[in-house]
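Please read these notes alongside the model.

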Amino acid sequence: MAEIVQHRIEERIPELEQLERVGLFTKKEVKSIIKRATALEYKLHRLIVNKDDFVAYIQYEINILELIKKRRAHIHYQFKREEIEFPIIHRINSVFRRATNKWKADVQLWLSHIAFCKKWATKGQISKVFSSMLAIHPDKPALWILAAKSELEDRNSSESARHLFLRALRFHPKDKKVYLEYFRMELLHCEKLRKQKEELEKAEMDLGEYEFSPEILSGKLAEVVYRDATGKIKEAEFVISLLNIAAIFDFTKELQDFILQDLQTNYTADSLTWDFMAKRELEAVGAGEELPTAKGRASDTNRREERCCQVYEEGVKSLDSEPMWSSYVTFCLERLKRKTNVEELKEKRQQRLLGVLQRAHASSLLKEAYYKNWLQMLLSTGDAEGAASVATAAAQRHSQSVSVWSLSLQTLMQLGSGDVGRLFQEALTLVNPKESLPLWQLQVQWSVANQSPEETDNVFKRGLLSAVAAVSMEMKESYLDWSYSTGGYKKARKTFTSLQENRPLSKAFFTRMIEIEKQQETPKMNSLRDYYERALQEFGTSDDDLWLQYIQEELGPLGQPENCSKIHWRAMKFLEGESVESFTFKYTLFQTGHL
């Protein structure tokens, strides 16, 4: 191994001598480089090699290259690159090849080599690295795309890029991303040829020796790719993506018309098609013309929106589905959110949206999320009767949805409806009990504000009987808070006493009672100890913070510091697993005054 390392170091001597001779590095720096390089070389030639050692070696060599670059710029010396930089670049490429041969599965290592080649090496080297990488990782479409883009952008070779895309499609015959990028590449190639032809014509050169096929210049190769792609992937979203790519180029009108015709003929069973076709009406010819008055612009905008709605109307007649109505509603919502100072346009947008929402609801095809927009709109316009009607209808339509029930009940509470109490009972019987907590919280909030204390007490007691732990625990905490706010300390303590053995219990239930006790004019330490002891019965094996709070309480003005050692001993005995280590760490910080 020593002989190999010595040989490697000797190979560096000519470039190091040149670095010193031309004044880029000092003699001391050259010695430092030799020392560091020797250490790195030994690591690369060990019996068991480590990937991190290869990375460290490569990074060190790149750092030297960067330093040489900066010093060249500083002293304005740009000669002898073949004798200085080229050997270093060759050495880095060699180490990269060794590393990627050893750890073939590491894609990041391959990509690092490619990034290095792009910055420092020749373009031919990049192709070799991509070729080796794709032989190992043909199952990754993104790498094929990266390789093809490199051929097109770095080497300016459309033919090589096309060849790579075709190879990629053998491995991934239905990959959308590969087809999209292949389609884009053909259009970019076409655009490049058109520019070349234009420049030659401007220079009045003879085009005889250059072949510019009219079919290729008009984008026929891209059309071939489109036909092949849509023959395998029959999705409206994919076709629209291809059309959007074609729309970027100004010479693709025929191609766009062809794709558009295909979309309208073969993909009308997809709501995305109708949505796309409708929104195209906003960008129709003349849409961007500036009109002199705000009212004129508003009138023009309204006409275009009406044309969009006509397409949507055709869509819902042809395809009466939830996604189709959702697209229609979303469009109307987006237009309503657009700012305008013309009240007439704003009112038309509101009426249009309300009409679409009503019809979608009547068809039983309105998504849950849109009921919120509907209710907000009705409330903002002051239509209380309509809002109450929609809230009730939404709850009936989506009777098992907690979010819809919550929205409907909140609306009816806001309107002061007399049916709220009955509807709460109905909701709690229809929804999944495991998801019912928001409804219980809402019912408590409503009951506290609108019902007598006895009725509110009954609501809490029903909640306490819930078989769902989350509901039961939340009700206990809320019941304790309500008892304190309505009946003071005595009632809160009575509630706590009645519930302290009623499991499941939450830590917040005990800590709230501790807070209530501390808020009294003369807190009782014995009561605080009782609350802590009861909390520790439930959570003493896992909650280290509770033990620490108990110790802090004893060290307070009401406590007895001599009890702290007993509490600490008990904590160490009862806590389990990682909680012991956490408690020890926090207790040490507390004793040293850092907590």
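The points below go from the basis of the model to its nonpolar cores.

1. This is a predicted model, in which local features need pLDDT of at least 70 and side-chain atom pairs count only at pLDDT 80 or more, while totals for chains, interfaces and linings use all residues. Residues are numbered from 1 along each chain as its sequence is written, and side-chain values use heavy atoms, leaving out hydrogens and water.

2. The chain contains 29 helices and zero strands (DSSP runs of H or I, at least four residues, and of E, at least two, numbered from the N terminus).

3. The radius of gyration is 38 Å, whereas a compact globule of 595 residues would have one near 25 Å (taken over C-alpha atoms; the globule rule is 2.2 Å times the number of residues to the power 0.38). Along the principal axes, the C-alpha atoms fill a box of roughly 100 × 75 × 45 Å.

4. Of the 595 residues, 45% are buried, meaning under 20% relative accessible area with a 1.4 Å probe, protein chains only.

5. The largest nonpolar core has 139 residues, and those with the most contacts inside it are Phe183, Leu187 and Leu409. Helix H24 (residues 469–499) gives the most to this core, with nine residues. A second, separate core of 29 residues includes Leu19, Val22, Tyr77 and Ile92. Such a core is a set of buried Ala, Val, Leu, Ile, Met, Phe, Trp, Tyr and Cys residues joined through side-chain atoms within 4.5 Å.

6. Not counting residues up to four places away in sequence, Leu187 touches Ala222, Ile245, Ala246, Phe249, Phe251, Thr252 and Leu255 (contact: heavy atoms within 4.5 Å).

Key:
Buried means under 20% relative accessible area, exposed over 50%, partly exposed in between (1.4 Å probe, protein chains only).
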